[in-house]
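Please keep the sequence and the 3D view open as you read.

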Amino acid sequence: MHENLNIVWLKRDLRTFDHDPLFEAEQLGENYIIVYLFEPLQMKHPDYSLRHQQFIYHSVKALNKTLKIHNREVHIFHTNADTFFEYLTTTYNIKNVLSYQESGTNNSWIRDKKVAKILKDKKAKWIEFENQAVIRGSKNRKGWDKYWFTYANSTIIRNVYSFNNFKLLKSPFDFYINDFPFIKKYPLEFQPAGEQFAHKYLNSFVKDRGKDYNRNISQPEKSRYSCGRLSTYLAWGNISVRQVFQTVKKSSNYKIHKRAFDSFLSRIKWRSHFIQKFEVECSYEHTCINLGYEQMKYTNNDIFLSKWLKGQTGFPMVDASMRCLINNGWLNFRMRAMLVSFLCHHLEQDWKRGVYHLAKLFLDYEPGIHFTQFQMQAGVTGINSIRVYNPVKQSIDKDPDAMFLKKWIPELSSIDNALIHEPWKLTEIDLIDKIIPEIYKQPIISAKLARTEVIKKLWDLRKNELVKKESKRLLSIHVRSK
Ligand SMILES: Cc1cc2nc3c(=O)[nH]c(=O)nc-3n(C[C@H](O)[C@H](O)[C@H](O)COP(=O)(O)OP(=O)(O)OC[C@H]3O[C@@H](n4cnc5c(N)ncnc54)[C@H](O)[C@@H]3O)c2cc1C
């Protein structure tokens with residue numbers, strides 16, 4: 001007779017507070033274990049990168065410190081979920097598996113179907129909790145806003161933990177950190193992982209940093225201090241949306257910095273809004289949100305693409321933004337949008353050629369936001385205005401003192417602030433005592449940044465019948481009716 005056991009399966013919810021599955025596991029009153037799975041099939045997907053794994057591992061490590069006094073820990077396994085549950089259900093009498101719903105890529109839906117079948121066959125119940133007001137099976141946005149606010153204002157769960165007396169047997173899938181030396185060390189350039197740091201960032205935002213939120217949001221350097229910088233913690237669930245919302249709303253500074261804080265809170269809601277879109281149609285990973293834009297033709301030049309990937313285009317703001325991301329995994333919204341616009345509109349590359357590169361680089365990668373935002377910036381949704389960002393204008397407007405440029409392109413650090421945004425304009429006299437790389441004298445495309453064929457085609461397609469039909473369909477699913 002196998003021992004009874006419940007399982008809490010952590011995914012993008014690496015925290016110990018405001019956690020429904022962990023709360024329910026305690027309520028059930030039976031032995032339970034907490035697991036995280038490093039799943040080879042998910043990790044092989046082109047959106048996954050080492051930095052994601054590093055952040056996850058170090059978040060779990062931090063959880064284990066918190067759970068230690070309850071003699072509990074998050075057990076990490078290295079295997080696919082179906083193999084894991086197949087194994088565990090033959091070793092123990094698994095009664096309940098508790099987790100959050102995942103609004104992931106198709107890959108995760110396929111995995112979940114397999115797991116559901118195994119658990120059903122083994123008569124184990126899978127209790128999936130709704131994740132932060134993203135509604136499963138929603139057909140349209142009727143009542144969604146109200147639903148979101150009800151969630152955001154609802155009571156935060158104060159998880160308590162009983163002392164664990166259950167000892168898990170060794171398994172063939174146990175994860176040994178010494179087999180993965182490259183994730184053991186956490187790069188100092190990245191935001192520190194774990195629940196405690198999420199709260200530290202949130203508190204510092206509310207206490208002081210947030211007052212300049214609106215003023216600096218589009219500036220690549222200053223936004224690093226005045227933006228929330230919570231995206232990574234939200235993406236991996238070190239903190240919940242509701243915890244963030246209520247902390248900001250209840251802070252004594254809320255009334256003082258109301259405009260800035262409300263702006264921030266509206267973005268917290270956008271987060272769920274974008275994830276809700278992807279929950280309904282995860283095909284956005286591979287195909288244009290507006291299927292009419294699948295007709296787009298791009299020139300797709302491999303040399304341009306490889307220069308963009310490395311931050312070697314010769315356009316200082318493009319290169320600085322990419323190099324910053326490569327270094328530490330975070331960039332402000334405006335410069336993310338500019339990188340995509342430059343790739344698709346100026347270099348005339350299909351968005352599909354760049355989307356995984358940024359997914360891998362973003363420490364805060366969240367499929368629901370990423371694929372939808374990427375396509376919005378590429379101009380292929382049919383329902384949003386097509387914004388073409390000029391990297392020179394962005395550079396002059398948003399980094400006038402060149403702090404960001406000089407930090408990430410040291411090759412240009414000797415150039416005067418007034419000239420650094422357009423180094424190709426430097427004359428022989430300007431450069432008489434300086435050397436700059438050739439690429440900044442002659443960027444990969446003309447610095448005039450004329451209106452390209454892609455930009456014209458994107459606008460022309462707005463009149464296309466299929467694009468119009470698709471736009472109507474999208475509005476009916478993703479936008480609330482007035
Ligand atoms: C091409 C592209 C890809 C993006 N990919 C991601 C991604 O994978 N993960 C991700 O979290 N954000 C993504 N964003 C949105 C946005 O750039 C980041 O959320 C933001 O820069 C994170 O910094 P912050 O936490 O300081 O944000 P703040 O400005 O402090 O905002 C607070 C929170 O609101 C949410 N948020 C902010 N802006 C947006 C937005 N435009 N859309 C949806 N939610 C938003 C985030 O959860 C963020 O943490 C992307 C934007 C673009 C243009």
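The report below goes from the domains to the ligand shell.

**Domains.** Please bear in mind that this is a predicted model. The domain assignment divides the protein into domain 1, domain 2 and domain 3, with the bounds listed here.

| Domain | Residues |
|---|---|
| Domain 1 | 4-131 |
| Domain 2 | 135-154 + 192-278 |
| Domain 3 | 285-478 |

Between the C-alpha centres of domain 1 and domain 3 the distance is 37 Å. Their contact draws 10 residues from domain 1 and 9 residues from domain 3. On the domain 1 side, helix 3 (residues 50-67) supplies the largest share, 3 residues. Sorted by class, this side of domain 1 consists of 6 polar, 2 nonpolar and 2 charged residues.

**The ligand shell.** Now let us turn to the ligand. Because domain 2 and domain 3 both contribute residues to the shell around the ligand, it lies between them. There are 27 residues around the ligand, and those that come nearest are Cys 227, Gly 228, Ser 231, Arg 267 and His 370. Two or more residues of the shell come from each of helix 11 (231-235), helix 13 (258-280), helix 16 (333-346) and helix 18 (367-378). Which helix gives the most to the shell around the ligand? That is helix 13, with 6 residues.

As for the classes, the shell around the ligand holds 15 nonpolar residues, along with 6 polar and 6 charged ones.

Conventions
Residues numbered from 1 in each chain as written. Predicted model: local features only at pLDDT ≥ 70, side-chain atom pairs only at ≥ 80, totals over all residues. Near = placed C-beta within 6 Å. Helix = DSSP H or I, 4+ residues; strand = E, 2+ residues; numbered from the N terminus. Nonpolar A, V, L, I, M, F, W, Y, C, P; charged D, E, K, R; others polar. Domains from an automatic or database assignment. Contact = placed C-beta atoms within 7 Å.
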